[in-house]
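Here is a short briefing on one protein model. Have the sequence and the 3D view open as you read.

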Amino acid sequence: MSDEDRLVPNLDGTRRGGLISAIELSRDTPAVRPALHMLERWESWTGEGLPLRAHFPPESFGTLMGRISLLDPVDDCADFIYRIYAVIAANKGGTDLTGTRIGDMPYRDYATALIQQSRQCLTSGKPTIHENRFIWRNRTYGICCLRLPIRDKIDGHDMLMVIDLHSNPDKRPDTADYIPNL
């Protein structure tokens, strides 16, 4: 069955967007390899509670720079706000969601899946990895999403660091996926 066949058409008869599938993945999934060092950094935390955001300095991002979002929970994890939205996703998708609630995103089924995955990660206090396949503005995407629960500051609140990767690590990225060094 093709991706389009699994989508419910919009009222005007077109298929503009929405969730195709969302599945949990293991850390051994090839798509996770580029972010494995971040997962290992999270696991190396020896302090009390969740790792602090400062445990992940920007220099540790490496090639992930531009693929990382920070999310703050709101209303007891009923929703999340993008404190910082991944630059590559913003450029590719045509929308910067910084300051936006996930629940306010277009395509309700996709937003609901992201909220559920984020809530699962934050309430469990453990990293999660999902593959989300969806259509956004008539384009199909497959994203491997690594979520890391972290603490903003020692006396701060719990939040999420989210790393978006290609689901297919062998996919040759579009040039538009990368921002030139300025």
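## A covered strand and its surroundings

Strand S2 is mostly covered, with six of its seven residues buried. The model is a predicted one.

- Six strands make up an open sheet, and their order is S1-S4-S5-S6-S2-S3. The pairing is antiparallel.
- Strand S1 (18-24) and strand S3 (79-84) are the edge strands. Each has a single partner strand, so one side of each lacks a neighbour in the sheet.
- From one strand to the next, the twist averages 30°.
- Strands of a sheet pair through backbone hydrogen bonds, either parallel or antiparallel.

**Strand pairs**

- S1 pairs with strand S4 (residues 128-136) in the antiparallel sense, over six bridges. Here Ala22 stands opposite Asn132 in S4.
- S2 has an antiparallel pairing with S6 over four bridges. Ser69 stands opposite Val162 in S6.
- S2 also pairs with S3, again antiparallel, over five bridges. Leu70 has Ile84 in S3 as its bridge partner.

**Helices on the sheet**

- Which residues of helix H1 (residues 36-43) are buried? They are Met38, Leu39 and Trp42.
- Seen down the axis of H1, these buried residues fall within an arc of 100°, so they line one face of the helix.
- An α-helix has 3.6 residues a turn, so residues three or four places apart point the same way.
- The cover over the buried residues of H1 includes strand S2 (68-74), strand S5 (139-151) and strand S6 (158-166).
- S1 and S4 pair over six bridges within this sheet. H1 packs on the sheet and touches S2, S5 and S6. The direction of H1 makes about 20° with that of S5.
- Helix H3 (residues 108-124) packs on the sheet too, touching S1, S2, S3, S4, S5 and S6. The direction of H3 makes about 170° with that of S4.

- Most residues other than glycine have a negative phi, and most peptide bonds are trans.
- The hairpin of S2 and S3 has four residues between the strands. Among them, Asp75 takes a positive phi near 55°.
- Asp76 is found in the loop between S2 and S3. Its phi is near 50°, a positive value in a residue other than glycine.
- Cys77 lies in the loop between S2 and S3. Cys77 is not a glycine, yet it has a positive phi of about 70°.
- Is Asp76 buried or exposed? Asp76 counts as exposed because its relative accessibility is 80%.
- Cys77 has a relative accessibility of 11%, so it counts as buried.

**Cysteines**

- How many disulfides are there? The count comes to zero, with a disulfide taken as a pair of cysteine sulfur atoms within 2.5 Å.
- Cys144 is in no disulfide. The nearest cysteine sulfur to it is that of Cys145, 7.5 Å away.
- Cys144 counts as buried because its relative accessibility is 1%.
- Cys145 is in no disulfide either, and its nearest cysteine sulfur is that of Cys144.
- Cys145 is buried, with a relative accessible area of 4%.

Conventions: Residues numbered from 1 in each chain as written. Predicted model: local features only at pLDDT ≥ 70, side-chain atom pairs only at ≥ 80, totals over all residues. Heavy atoms only, no water. Buried < 20%, exposed > 50% of the residue type's maximum accessible area, 1.4 Å probe, protein only. Helix = DSSP H or I, 4+ residues; strand = E, 2+ residues; numbered from the N terminus. Arc of directions from axis to C-beta. Contact = heavy atoms within 4.5 Å. Pairing = 2+ DSSP bridges. Axes fitted to C-alpha atoms, helices over the stretch in contact; angles between N-to-C directions.
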